[in-house]
Structure formats: structure tokens, C-alpha cells
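Thanks, everyone, for making the time. I would like to walk through one model with you, so please have a look at it before I start.

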Amino acid sequence: MFILLKYSVVVIAGLILHVIVVYSLAIRIFSKQKFRTFLRGIRPAQLIAFSSASSSATLPVTMECTERDLGVPRQICSFALPLGATINMDGTALYQGVSAVFIAQVYGMGLTLAQQLTVVLTATLASIGTAGTPGSGVITLAIVLKSIGVPLEGIALIMGVERILDMCRTVVNITGDASCAVVVASTEGELLIPAEAAEG
């Protein structure tokens with residue numbers, strides 16, 4: 001039980017760190033929008049993502065929040081967000097990487113540097129093909145485990161906490177989609193920034 005708690009904490013901490021570091025830097029460097037304003041604008045979509053664990057089901061709310069509250073034009077939202085809901089699964093990739101290493105450790109398997117790089121590559125590629133539906137990350141996790149020779153039965157070890165982690169990583173996935181839309185709109189000079197959202 002304690003080992004599952006540690007595994008869950010590592011996954012959630014990684015997801016939070018990814019949002020705080022990667023997305024905040026992207027917003028800060030490539031747009032004039034404050035990250036706090038971005039998070040406030042995308043919050044309704046994050047709540048739906050957390051409760052549904054589906055980036056596809058959250059897509060209409062994500063599009064509405066991104067257009068109405070973040071100032072991204074409709075034509076950019078309608079292209080970037082559906083594409084992101086299909087191929088931009090940062091949270092899922094992170095989860096699969098941590099899960100593969102965790103399961104390998106439980107089986108007492110030490111991963112070489114080559115195997116660790118294989119996990120990174122395979123998790124990234126597998127996450128691109130992951131459907132935006134609840135539990136789909138577990139299916140593609142099998143691909144990652146197979147690539148490094150870890151027994152697929154190890155997936156059963158994490159099923160007890162899978163749902164809550166699925167909810168958390170879905171929040172990260174849709175946050176990444178929205179941040180990408182904001183960056184694209186900003187680099188195209190089409191981001192509409194409310195007065196209270198502008199820097200300074």
C-alpha cells in the first residue's frame with residue numbers, strides 16, 4: 001500500500017512540475033499573458049477534465065474557455081485544440097514513463113541507459129496514439145513495457161490507483177492543449193489580451 005502511495009505521489013508531483021515549469025515558461029516566453037490569468041481562464045475545463053478523465057469529452061469546454069477567457073481566436077481554437085486532444089498527451093507520456101520504471105523496480109529489474117531511453121521514446125510515441133478516453137493510457141502502457149521486456153502482468157499492480165492518476169493526467173493534457181493554442185495565437189499576433197491579463 002505504501003509503495004503505491006509513493007508511486008502516486010511521484011506521478012502527481014511530476015505532473016504538477018510539468019505544468020508549473022514547462023507550460024508557465026511557454027506562456028511567459030511566447031505570449032504576453034500572465035500564467036495566473038491563463039490558469040484562471042482554463043480552470044472550468046480543468047475541472048471537467050478531472051471529473052471525466054477524458055480530453056475528448058472536455059474538448060467543447062476547453063474550446064469555450066480558450067476562446068472566451070484566454071482571447072484565442074476561434075479559427076486557432078478549432079484547429080489547435082482538437083489536434084491537441086488527439087496527439088498532445090504530455091501527462092500520459094509522463095505517467096507511462098514513471099509507471100514503466102516503477103513496475104520494472106517491483107520486478108527487481110534494473111534498467112540500463114538504453115532501456116531508459118527506450119522508455120522515453122516509446123512513452124512519447126505511444127502517448128501520441130492514445131485515445132482521449134478514460135483508461136486508454138493503460139492500454140498503451142503495455143507497448144512501453146513490452147519494449148523493455150517488463151512483464152505485462154505488472155500493469156495489475158497500478159490498477160488500484162489508475163483512475164485518480166488518469167484524472168490528474170487528463171488535466172495536464174488539456175492544459176497543454178490550451179497553452180499551445182495561446183502560444184500559437186500570440187506568435188501569430190492574434191491573441192486578444194484583456195486589460196487585467198496584460199503584463200504590467
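What we have here is a predicted model, in which local features need pLDDT of at least 70 and side-chain atom pairs count only at pLDDT 80 or more, while totals for chains, interfaces and linings use all residues. Residues are numbered from 1 along each chain as its sequence is written, and side-chain values use heavy atoms, with hydrogens and water left out.

The largest pocket has a volume of about 170 Å³. Its lining consists of Ile3, Lys6, Tyr7, Val10, Val98, Val101, Phe102, Gln105 and Val106, where a lining residue has an atom within 4 Å of a point on the 1 Å grid used with a 1.4 Å probe. Both α1 (2-30) and α5 (90-106) supply at least two residues of this lining, and α5, with five residues, gives the largest share.

Turning to the loops, Gln33 sits between α1 and α2, and Gln33 counts as buried because its relative accessible area is 1%, buried meaning under 20% with a 1.4 Å probe and protein chains only. The Gln33 side chain reaches the backbone oxygen of Leu70 at 3.0 Å.

Ser54, in turn, belongs to the loop between α2 (35-52) and α3 (55-68). Is Ser54 buried or exposed? At 6% relative accessibility, Ser54 is buried, and its side chain reaches the backbone nitrogen of Ala57 at 3.1 Å.

How values were computed
Helices (H or I, at least four residues) and strands (E, at least two) are DSSP runs, numbered from the N terminus. Buried means under 20% relative accessible area, exposed over 50%, partly exposed in between (1.4 Å probe, protein chains only). A polar contact is a pair of N or O atoms within 3.5 Å; within protein, one must be able to donate a hydrogen and the other to accept it, and residues adjacent in sequence count only if both atoms are side-chain atoms. On a 1 Å grid over the protein atoms alone, a cavity is a set of points where a 1.4 Å probe fits but cannot get out, and a pocket is an open set with protein on both sides within 12 Å along at least five of seven lines; lining residues have an atom within 4 Å of a point. Grid points are joined across faces, edges and corners, and a volume is the space filled by probe spheres set on the points.
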